[in-house]
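Good morning, and thank you for making time on the agenda.

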Amino acid sequence: MSKTVRLGIIGCGGIGTGKHLPALSKVEGVEIVAFCDIIVERAEEAAKKFGTPDAKVYEDYKELLKDDSIEVVHVCTPNRSHSFISIDAMEAGKHVMCEKPMAKTYAEAKAMLEASKRTGKKLTIGYQNRYRPDSQHLKCAADRGDLGEVYYAKATAIRRRAVPTWGVFLNEYEQGGGPLIDIGTHALDLTLWEMNNYEPAYVVGTTYRKLADQTNQGNAWGNWDPEKFTVEDSAFGFIVMKNGATIMLESSWALNYADPREAVCTLCGTKGGADMNDGLRFNSIDFNRQVMTVPDLKAGGAQFFEGKTAGTPAEIEAQQWIDAVRNDTTPCVLPEQALCVTRILEAIYESAKTGKPVYFD
């Protein structure tokens with residue numbers, strides 16, 4: 001460690017206090033010196049728990065950005081404000097970690113990438129599922145060519161009945177959508193990253209709001225309010241890449257589906273396949289026999305990015321991000337990659353609305 005990194009957080013709700021701040025507090029040499037939230041009490045509470053003794057609290061994020069001693073900002077607000085807060089932060093000379101998804105729209109996400117290039121400030125997005133042991137192991141195997149050419153994949157984020165009833169998750173204006181943009185984004189990011197394929201050709205999408213008005217809900221977090229449920233309860237995408245590969249994207253908060261799984265992927269290649277359906281499994285042919293291999297992920301694994309491999313995915317994400325800032329290296333999640341995710345998600349919503357495929361340039 002060569003220097004202390006002074007950091008501010010904008011948005012002290014559940015994702016900020018549940019993921020970012022606990023993880024950052026375990027990274028050596030990080031001082032969390034500024035906390036901002038439109039509900040000041042939340043910022044004050046977070047500052048007491050995670051901040052330095054002299055940490056400052058703000059209601060207006062623009063006041064936080066005036067502090068020239070702050071080098072890094074984490075943006076943990078609703079999706080609608082990801083873009084303009086991140087852009088303002090980079091324009092103010094801060095490196096930015098923005099919570100997923102990158103933005104509510106492709107145009108907003110593209111503006112974020114342009115701001116990063118214009119200012120020379122680092123920008124990364126909070127896709128922490130990349131740092132799971134199964135994700136890391138599969139990435140190393142895929143990059144080594146173990147699967148051959150991956151031409152079919154499934155990106156899955158299906159909950160049976162687990163609709164988030166807090167915050168603004170059900171608010172289309174604030175979030176831009178429901179499970180597709182909330183958890184489907186994780187599954188798609190993971191799948192594209194494992195495939196190392198970021199060139200979509202066209203998309204066909206469908207969205208449904210079939211269960212949202214039911215009163216017999218059986219929801220994991222208690223009943224939702226149907227009147228506030230202004231987004232889809234499930235969404236599906238058929239994605240064809242420019243090299244001919246096909247990706248099926250499945251996402252739901254509420255679906256009568258007996259085998260839910262979240263933020264996992266399946267890859268099928270010319271040499272073999274892999275899935276995360278029951279832990280990480282590889283399938284292949286050996287001596288003319290079908291073979292299934294299950295790695296022991298409790299043991300140490302390959303290190304494919306700069307940073308520590310121990311800890312939770314959120315802790316590894318925070319460590320490698322701070323290392324990238326401190327050492328002026330490239331973070332694991334590139335903004336160009338996150339931009340592709342947002343572009344595909346937007347196309348699925350557009351296709352669902354128009355009933356037509358959406359073609360890319």
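Asn288 is exposed, with a relative accessible area of 74%; exposed stands for over 50%, buried for under 20% and partly exposed for what lies in between, with a 1.4 Å probe and protein chains only. Before I continue, please note that this is a predicted model, in which local features need pLDDT of at least 70 and side-chain atom pairs count only at pLDDT 80 or more, while totals for chains, interfaces and linings use all residues. Residues are numbered from 1 along each chain as its sequence is written, and side-chain values use heavy atoms, with hydrogens and water left out.

Asn288 has a positive phi of about 65 degrees, although it is not a glycine. Its place is the loop between strand 13 (281–286) and strand 14 (289–293). Helices (H or I, at least four residues) and strands (E, at least two) are DSSP runs, numbered from the N terminus. Strand 13 and strand 14 form a hairpin with two residues between them, and Phe287 in the turn also carries a positive phi, about 50 degrees. The two strands pair in the antiparallel sense over five bridges; pairing requires that DSSP finds at least two bridges between the strands. Within this pair, Ser284 stands opposite Val291 of strand 14.

Is Ala263 buried or exposed? Ala263 is buried, with a relative accessible area of 5%, and its phi is near 55 degrees, a positive value in a residue other than glycine. Seven of the nine residues of strand 11 are buried, so this strand is largely enclosed by the rest of the structure. On one hand, strand 11 pairs with strand 7 (residues 150–158) in the antiparallel sense over seven bridges, and Tyr152 stands opposite Cys268. On the other, strand 11 and strand 12 pair in the antiparallel sense over three bridges, with Gly273 of strand 12 as the bridge partner of Cys268. A hairpin of two residues joins strand 11 to strand 12.

Six strands form an open sheet in the order 3-2-1-4-5-6, and here the pairing is parallel. Strand 3 (56–58) and strand 6 (123–126) stand at the edges with a single partner strand each, so one side of each is left without a neighbour in the sheet. Neighbouring strands of this sheet are turned by 25 degrees against each other on average, direction ignored. Helix 2 (residues 40–50) packs on the sheet, touching strand 2 and strand 3, and its direction makes about 165 degrees with that of strand 2.

Lastly, the helix pairs. The axes of helix 4 (residues 82–91) and helix 5 come within 9 Å and cross at roughly 5 degrees. Helix 4 and helix 5 are therefore roughly parallel, as angles under 35 degrees count as roughly parallel, over 145 as roughly antiparallel, 65 to 115 as roughly perpendicular and the rest as oblique.

Helix 8 (residues 179–195) and helix 10 (residues 335–354), by contrast, pack at about 130 degrees with axes 10 Å apart, and are therefore oblique to each other. Their contact (heavy atoms within 4.5 Å) includes Leu188 and Trp193 of helix 8 and Ile344 and Tyr349 of helix 10.

Pro101 is placed in the loop between strand 5 (95–99) and helix 5 (106–119).

Terms used: Axes fitted to C-alpha atoms, helices over the stretch in contact; angles between N-to-C directions.
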